[in-house]
Amino acid sequence: MRIVSWNIRSGGGRRVDAIADQIVRWRADVAALCEFRGTPPSQQLAQRLGNAGLRHQLSTADPDQRARNALLLASRFPLTAVNLPQAPTEPARWLLAHIAAPMPFHMGVMHVPNFVTKRKFPFHDAVLDVAEVWPWGPALFIGDTNTGLSGIDDETRVFTQREEAWMHRLEELAWCDVFRKLHGEKRVYTWYSPNGGNGFRLDQAFVNPQLVTRVTAMHYVWGEAHKPQKQKRRDALSDHAAILLDLA
């Protein structure tokens, strides 16, 4: 089965049909979207995905704050939302669900706040709390973490020691960074600064020991608009690359 995790940028806007088409071309069985919103374009995207077979859906979007960045989890398999007291309390940026696939597992979708918000570290700490007490077998944490390791996940050093410590602590708790497990120290960037043009790997997937043996592949892929009359751009559909993660 294939999991697609993607920050779609600002709710998708006029790009939602092309985003939906791209997710279908990627043959997603589960799609986890960051910066999904309560706006009409985002709702249209959810409907398109439902029509394509991803009809089981959970969202953190708030109809009273439609422009706020939130999450969408859309699946071919039934979903059940799960609440843990240790989970991040940041509004709309954490979603934990049980996925009733033929081989069931849990999935925590996250969109970690930027450093400048001063809300990143409480979010980090809460994710670690969940990882530390995890009670339910095979599980995956995935999404836009706005975090990485200096010297390997960046072209210009921006990550603090505390941000790096979060990555290391997940490894210590046996939640492995799937990309690094499969690809070693390969440099790949999933977001580029619009000002400096320098790249960063800000999107990650972490799996626990009960799920790691089922991982068969993981790649970062940029969306394509599929309009041959226009020059293809890396950021035609989003300013983030998507995670494509395959499970046996």
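Begin by selecting Arg68, which counts as partly exposed because its relative accessibility is 28%, where buried means under 20% relative accessible area, exposed over 50% and partly exposed in between, with a 1.4 Å probe and protein chains only. Residues are numbered from 1 along each chain as its sequence is written, and side-chain values use heavy atoms, with hydrogens and water left out. The model is predicted, so local features need pLDDT of at least 70 and side-chain atom pairs count only at pLDDT 80 or more, while totals for chains, interfaces and linings use all residues.

**Salt bridges**

Next select Arg201 and Asp153, whose closest N and O atoms are 2.7 Å apart in another salt bridge. Arg201 is in the loop between strand E11 (199-200) and strand E12 (203-207), whereas Asp153 is in the loop between E8 and H4, so that the pair links distant parts of the chain, 48 residues apart. Helices (H or I, at least four residues) and strands (E, at least two) are DSSP runs, numbered from the N terminus. Arg201 is buried at 0% relative accessibility, and Asp153 is buried with a relative accessible area of 0%.

Now move to Arg48 and Asp21, where the side chains meet in a salt bridge of 2.5 Å, N to O. Arg48 belongs to helix H2 (residues 40-51) and Asp21 to helix H1 (residues 16-25), so this pair ties together parts that are 27 residues apart in sequence. Arg48 is partly exposed, with a relative accessible area of 26%, and Asp21 is partly exposed at 33%.

**Aromatic rings**

Select Trp94, Trp134, Trp136, Phe141 and Trp175, which form one aromatic cluster. Rings of Phe, Tyr and Trp (its six-membered ring) pair if their centres lie within 6.5 Å, and planes under 30 degrees apart count as stacked, over 60 as edge-to-face and the rest as tilted. The count by this rule is 13 aromatic pairs. The pair Trp134 and Trp136 is edge-to-face, because the ring centres are 5.4 Å apart and the planes stand at 90°. Trp134 is buried, at 14% relative accessible area, while Trp136 is partly exposed, at 37%.

How are the rings of Phe141 and Trp175 arranged? Their centres are 4.1 Å apart and their planes lie at 15°, so they are stacked. Both Phe141 and Trp175 are buried.

Then select Arg234, which lies over the face of Tyr192, at 3.7 Å from the ring centre; a charge sits over a ring if NZ of Lys or CZ of Arg is within 6 Å of the ring centre and within 35 degrees of the ring normal. The charged end of Arg234 also sits over the ring of Trp222, 5.5 Å from its centre.

**Nonpolar cores**

Finish with Ile3, Leu73, Met107, Leu140 and Leu245, the residues with the most contacts inside the largest nonpolar core, which has 32 residues. Such a core is a set of buried Ala, Val, Leu, Ile, Met, Phe, Trp, Tyr and Cys residues joined through side-chain atoms within 4.5 Å. A second, separate core of 22 residues includes Leu84, Leu96, Met110 and Leu149.

Methods: Salt bridge = Lys/Arg side-chain N within 4 Å of Asp/Glu carboxyl O.
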